[in-house]
Amino acid sequence: RVSGAYFLGGGGDASGRGSAVSVGRRGIVRAGLVGVIGKTIMLGAGGSRKAIAEEAPSSTIQVSTIQAGLENSPSARKGDWVMVDYVGKIKATGEIFDSTRGGMVYNTQNEFLKAMTSDYSPRLFQLNEKNPQPGIVNGLMQAIEGMKVGEVRVATVPSSLGFGDIATNAPFKFVPPKSELEYEIRVLRLASEPYLAMRGVVRCGLGGQAAQTSGCKDVEPVITEQLR
């Protein structure tokens with residue numbers, strides 16, 4: 001799971017409802033755009049001032065820091081590899097549709113998975129919108145930019161930077177079209193290469209499916225490389 005592979009069930013049992021598209025661990029993401037203003041970060045569309053004014057309501061995320069990161073940590077930039085844990089909610093209802101923190105019941109028709117709860121399983125991926133990651137929307141990537149190791153942020157993501165107009169069968173909840181999302185995110189590792197982010201991680205994410213979450217709860221925020 002640290003490798004970023006979602007799963008919703010064996011034999012492809014991850015279908016959505018009606019026109020829904022399955023995200024699972026084979027999900028879709030949408031293109032996004034970036035900019036920064038002040039302590040509360042507004043990430044939105046570029047281009048002319050007129051374009052910004054017209055698109056801001058549907059293409060701007062709001063990010064607030066609720067816990068400071070390690071003082072000597074570099075800040076995440078595009079192209080960096082990050083290991084994070086997070087909880088994703090549907091803003092309107094507060095329902096959790098995705099979480100790396102464990103204890104969730106899978107949204108699936110697979111009877112085997114219905115009897116299971118998820119394990120704590122942080123995600124490792126590159127901050128690169130041109131390289132889509134399963135289940136990681138561009139609004140979440142944008143929210144992580146600028147974060148330090150150990151920092152915790154809450155981000156509100158509009159549908160245009162989330163799953164857009166597509167109904168989505170996420171791991172733990174069906175996400176309706178045009179849903180505004182909310183994430184709480186914590187950065188555990190930050191590095192230039194994935195193997196550097198995994199320094200000191202003995203078991204988590206390694207081996208077969210049964211071994212992938214072993215030791216994950218032992219992963220603490222650590223600076224493994226001085227990037228800058």
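A salt bridge is a side-chain nitrogen of Lys or Arg within 4 Å of a carboxyl oxygen of Asp or Glu. The model examined here is predicted, and it holds seven salt bridges by this criterion.

**Exercise 1.** Determine which parts of the chain the salt bridge between Arg-186 and Asp-85 links, and describe the exposure of both residues.

*Solution.* Step 1: the closest N and O atoms of Arg-186 and Asp-85 are 2.9 Å apart. Step 2: Arg-186 belongs to strand E10 and Asp-85 to strand E4 (residues 81-90), so that distant parts of the chain, 101 residues apart, are linked. Step 3: Arg-186 has a relative accessible area of 22% and is partly exposed, whereas Asp-85, at 2%, is buried. The cut-off for a buried residue is under 20%.

**Exercise 2.** Explain why the salt bridge of Lys-173 and Glu-95 ties together separate parts of the sequence.

*Solution.* Step 1: the two side chains meet with an N to O distance of 3.2 Å. Step 2: because Lys-173 lies in the loop between strand E8 (168-169) and E9, while Glu-95 lies in the loop between E4 and strand E5 (96-99), the pair ties together parts that are 78 residues apart in sequence. Step 3: Lys-173 is partly exposed at 31% relative accessibility, and Glu-95 is partly exposed at 31%.

**Exercise 3.** How are Lys-114 and Glu-111 placed in helix H2?

*Solution.* Step 1: Lys-114 and Glu-111 form a salt bridge whose closest N and O atoms are 3.8 Å apart. Step 2: both residues lie in helix H2 (residues 111-114), and because they are three residues apart there, about one helical turn separates them. Step 3: Lys-114, at 36% relative accessibility, is partly exposed, whereas Glu-111, at 57%, is exposed. Step 4: elsewhere, salt bridges with shared partners join Asp-85, Arg-101, Glu-184 and Arg-186 into one network.

**Exercise 4.** Describe the pairing of strand E4 with other strands.

*Solution.* Step 1: E4 and E10 run antiparallel and are joined by 10 bridges; Lys-89 stands opposite Glu-182 in E10. Step 2: E4 also pairs with strand E6 (residues 123-126) in the antiparallel sense, over four bridges, and Trp-81 has Gln-126 in E6 as its bridge partner. Step 3: three bridges join E4 to E5, again antiparallel, with Val-87 opposite Ser-99 in E5. Step 4: the hairpin of E4 and E5 has five residues between the strands, and Gly-94 there takes a positive phi near 80°. Step 5: eight of the 10 residues of E4 are buried, which leaves this strand mostly covered.

**Exercise 5.** Is Thr-100 buried or exposed, and which residues does Thr-100 contact?

*Solution.* Step 1: Thr-100 is found in the loop between E5 and H2. Step 2: its relative accessibility is 2%, so Thr-100 counts as buried. Step 3: the side chain of Thr-100 reaches the backbone nitrogen of Tyr-86 at 3.0 Å. Step 4: apart from neighbours within four places in sequence, the contacts of Thr-100 include Val-84, Asp-85, Asp-119 and Arg-123.

Key. Residues numbered from 1 in each chain as written. Predicted model: local features only at pLDDT ≥ 70, side-chain atom pairs only at ≥ 80, totals over all residues. Heavy atoms only, no water. Helix = DSSP H or I, 4+ residues; strand = E, 2+ residues; numbered from the N terminus. Buried < 20%, exposed > 50% of the residue type's maximum accessible area, 1.4 Å probe, protein only. Polar contact = N/O pair within 3.5 Å; in protein donor to acceptor, adjacent residues only side chain to side chain. Contact = heavy atoms within 4.5 Å. Pairing = 2+ DSSP bridges.
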